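These are my notebook entries on a structure that I am reading for the first time. I record what I looked up, one topic at a time.

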Amino acid sequence: MKIKLIPGDSAGTVTAFYMNSNTDTIRDELDFEFLGNRTGQPYTVQTNIYARGKGNREQRVNLWFDPAADFHTYTILWNHRHIVFYVDDVPVRVYKNNEAKGIPFPKLQPMGVYSTLWEADNWATRGGLEKIDWSKAPFYAYYKDFDIEGCPVPGPSNCASNPSNWWEGTTYQSLSPLQARKYKWVRMNHMIYDYCTDKSRFPVTPPECVAGF
């Protein structure tokens, strides 16, 4: 999806582009959440992954450009090997399939694609310190050129066995050397929060963090 985010003072808003299985307690979900900002501050993108009902896997990256000035492409690659979130052609999040180590991975349920724009000023901007300025309303985000390729429902159970699914091919089972360098650059220079290193929330490091992304 190409998205242009809310310009100006967007503090307290969340613009979301995500996938969801809509299965309540066992839901799978893959989230792009764009956290609004006060004018002049960087826009933050939060990613989160739910697998078999368990989420709380937030990572946050400050975008290195103004995402309200023009459209940029936000992509989710979801196959049986890993999940990759891209901003333009830059990987910002990788979640590997570590089922062999007993870690849930979303592959058993189909998911729909959704987008929302909502008020979340109790947490979205500086942990809830910055509230929505309703005098700036209405708030608009813009979307265009949506594209999707995937298995039709019922989906996942027979998805990997279809040789025509390009996204399961060797090229897409791991990051290329160039993608790996870009991913390292993002994590070193633009990541501002990683649940894996948040000892206040997780005194014991989550198993997928130990297993490696």
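**Entry 1: the annotated span**

I began with residues 1-143, whose end C-alpha atoms lie 7 Å apart. I found this span to be 0% helix and 41% strand. The UniProt record, an unreviewed entry, annotates residues 1-143 as "domain: GH16". I note here that the model I am reading is a predicted one.

**Entry 2: the overall fold**

I then asked how many helices and strands the protein has. The secondary structure comes to three helices and 11 strands. I wrote out their order along the sequence as β-β-β-β-β-β-β-β-β-β-α-α-β-α. The radius of gyration is 17 Å, close to the 17 Å that the globule rule gives for 213 residues, so the protein is as compact as a globular protein of that length. I looked up the extent of the C-alpha trace as well, and it spans about 55 × 40 × 40 Å along the principal axes of the protein. Of the 213 residues, 46% are buried.

**Entry 3: the largest pocket**

I turned next to the pockets. For the largest pocket I noted a volume of about 880 Å³. Its lining consists of 37 residues. Which of these lie nearest the centre of the largest pocket? They are Ile76, Leu77, Trp78, Ile148 and Glu149.

I also checked which elements contribute to this lining. Strand 2 (13-20), strand 6 (72-78), strand 7 (82-87) and helix 1 (156-159) each supply at least two residues. Strand 6 gives the largest share of the lining, namely six residues. By class, I recorded 20 nonpolar, 11 polar and six charged residues in the lining of the largest pocket.

**Entry 4: the second largest pocket**

The second largest pocket holds about 240 Å³ of space. I found 15 residues lining the second largest pocket, and Gly36, Pro42, Thr44, Thr125 and Arg126 lie nearest its centre. I recorded the classes of this lining as four nonpolar, seven polar and four charged residues.

**Entry 5: the disulfides**

I then looked for bonded cysteines, taking sulfur atoms within 2.5 Å as a disulfide. By this rule I count two disulfides. In sequence order, the bonded cysteines pair as 1-2, 3-4.

The link of Cys151 and Cys159 is right-handed, with 80 degrees about the S-S bond. Are these two cysteines buried or exposed? Buried requires under 20% relative accessible area. Cys159, at 8%, therefore counts as buried, whereas Cys151, at 26%, is partly exposed.

The other disulfide joins Cys196 to Cys209, with S to S at 1.9 Å. Cys196 lies in the loop between strand 11 (191-194) and helix 3 (207-211), and Cys209 lies in helix 3, so the pair ties together parts that are 13 residues apart in sequence. I found both Cys196 and Cys209 to be buried.

Key:
Residues numbered from 1 in each chain as written. Predicted model: local features only at pLDDT ≥ 70, side-chain atom pairs only at ≥ 80, totals over all residues. Heavy atoms only, no water. 1 Å grid on protein atoms, 1.4 Å probe; cavity = no way out; pocket = protein on both sides within 12 Å on 5 of 7 lines; lining within 4 Å. Points joined across faces, edges and corners; volume = space filled by probe spheres on them. Helix = DSSP H or I, 4+ residues; strand = E, 2+ residues; numbered from the N terminus. Nonpolar A, V, L, I, M, F, W, Y, C, P; charged D, E, K, R; others polar. Buried < 20%, exposed > 50% of the residue type's maximum accessible area, 1.4 Å probe, protein only. UniProt positions renumbered as here; feature names shortened; annotations may be inferred. Rg over C-alpha atoms; globule rule 2.2 N^0.38 Å.
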